[in-house]
Amino acid sequence: MAEQYPNVTLGQYKGLAVTRHVRPVLDNTIQQELAHRCRLHAWYTPTDAPAKRGDKVTLDFEGFMDGKAIPDSRMEKVTVLLGTGKLMPAAEKAVYGHKAGETFQFDFTYPANFRVEELSGLTAQFTVTLHAVAEKHTPAPDEDFARKCGYDSLEAMHEAIRREKQAIHEAAADRKAGQELLETAGANLTVALSQKRVEAEAQREYRQLELKLKKSGIPLDAYCKSCRTTPEELQASYRAIAEKRIRSILAAKAISEAEGIVAHKDEVEAEYRRLAAQHDTPEAEIRKVLSPDALAAAIVSRKVQAYLLENAQVTSVTDPAPAAKAPKA
């Protein structure tokens with residue numbers, strides 16, 4: 001059943017004042033990105049040296065218990081990067097120090113609550129054949145690397161990275177300012193909100209917090225004490241957040257209708273593709289979680305925020321760089 005919206009009267013939503021806070025691009029950020037790009041261009045060469053963390057290895061392994069092979073435990077020509085957690089810790093530890101061509105064994109005790117009940121708590125012997133070991137080589141962040149990446153110089157590469165990071169920070173500042181403007185437009189609405197809906201939203205968020213704390217083993221009173229609040233004040237804050245969220249939703253809908261802002265079908269389809277790529281998830285799975293109407297509403301909300309920003313009194317400031325941490329004594 002379609003959601004029922006209350007009648008609203010828009011207040012001021014054009015010409016609102018907002019300050020865009022833009023994060024500075026730090027030199028350290030440039031260096032980190034450059035190092036990341038060097039790692040992306042790393043290559044591997046075969047080595048006769050013992051396997052170590054960071055090497056790429058190709059191996060077979062199979063588990064045995066009482067001299068008999070464990071069903072479905074054999075894997076052949078598996079290639080993994082050591083140190084990434086792709087192998088179970090006992091297997092990875094056993095591989096370290098061995099060379100290509102070697103065959104060796106290690107013992108592994110299954111957890112008491114292992115998913116295959118008949119193996120729970122038992123110790124198996126695994127045989128590993130190490131077919132190949134390849135050593136990683138990471139290029140230096142120098143002039144030669146910059147030219148290989150298509151830049152005239154290392155300085156030019158630095159400046160290009162700075163521009164890219166600056167654009168990301170500017171976009172983030174726009175999103176934050178747009179959200180603030182939509183919240184202000186929501187606060188300016190005249191509407192009789194359903195307190196039942198507000199309370200339901202607040203309780204849903206509050207229960208999620210309780211479940212999260214329970215899973216982490218943190219008592220609610222201890223959490224409140226660390227946040228210098230009480231359960232009652234916490235619930236009141238969730239009600240205020242829920243009301244602000246609902247008002248923003250209503251404002252986005254009302255402004256989109258007043259200004260003719262819509263989400264087109266091709267935009268919705270493009271958003272499904274973007275989300276699938278972003279989360280490395282099949283598009284069909286995204287569609288199970290997000291309906292076209294929900295996605296269209298999100299797109300309209302973003303468009304409304306952009307519209308509000310275009311029609312706002314905007315002051316842009318670059319935030320100061322965070323203070324450097326004092327060295328430990």
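Reader: What share of the accessible surface of the chain belongs to carbon and sulfur atoms?

Author: In this predicted model, the accessible surface of the chain comes to about 21,100 Å². Carbon and sulfur atoms account for 53% of that surface.

Reader: Which elements make up the secondary structure of the chain?

Author: The secondary structure consists of ten helices and ten strands. Of the contacts between residues at least 6 apart in sequence, 73% join residues at least 24 apart.

Reader: Why is Asp72 called exposed?

Author: The cut-off for exposed is over 50% relative accessible area. Asp72 has 81% relative accessibility and therefore counts as exposed. Asp72 is found in the loop between β5 (68–69) and β6 (75–81).

Reader: What makes the phi of Asp72 worth a remark?

Author: Most residues other than glycine have a negative phi. Asp72 is not a glycine, yet its phi is positive, about 65°.

Reader: Why is Arg228 called exposed, and what is its phi?

Author: With the cut-off at over 50%, Arg228 counts as exposed because its relative accessibility is 80%. Arg228 has a positive phi of about 55°, although it is not a glycine. Its place is in the loop between α6 (220–226) and α7.

Reader: What makes a set of residues a nonpolar core, and how many residues has the largest one here?

Author: The residues must be buried, nonpolar ones such as Ala, Val, Leu and Ile, joined through side-chain atoms within 4.5 Å. The largest such core has 31 residues, and those with the most contacts inside it are Leu181, Ile255, Val304 and Leu308. Two or more residues each come from α4 (154–187), α5 (195–216), α7 (231–259) and α10 (292–310). The largest share, eight residues, comes from α7. Apart from this core lies another, of 23 residues, among them Ala51, Val57, Ala91 and Ala124.

Reader: Which residues does Val304 touch, not counting those up to four places away in sequence?

Author: Val304 touches Leu182, Ala252, Ile255, Ser256 and Ile261.

Reader: How many positive and negative side chains has the chain?

Author: There are 46 positive and 47 negative side chains, and the centres of the two sets lie 3 Å apart.

Methods
Residues are numbered from 1 along each chain as its sequence is written. This is a predicted model: local features need pLDDT of at least 70, side-chain atom pairs count only at pLDDT 80 or more; totals for chains, interfaces and linings use all residues. Side-chain values use heavy atoms; hydrogens and water are left out. Buried means under 20% relative accessible area, exposed over 50%, partly exposed in between (1.4 Å probe, protein chains only). Helices (H or I, at least four residues) and strands (E, at least two) are DSSP runs, numbered from the N terminus. Contact means heavy atoms within 4.5 Å. Accessible areas come from the Shrake-Rupley method with a 1.4 Å probe; for residues, only the protein chains shown count as cover. Lys and Arg count as positive and Asp and Glu as negative; His and the chain ends are not counted. The place of a charge is taken as NZ of Lys, CZ of Arg, CG of Asp or CD of Glu.
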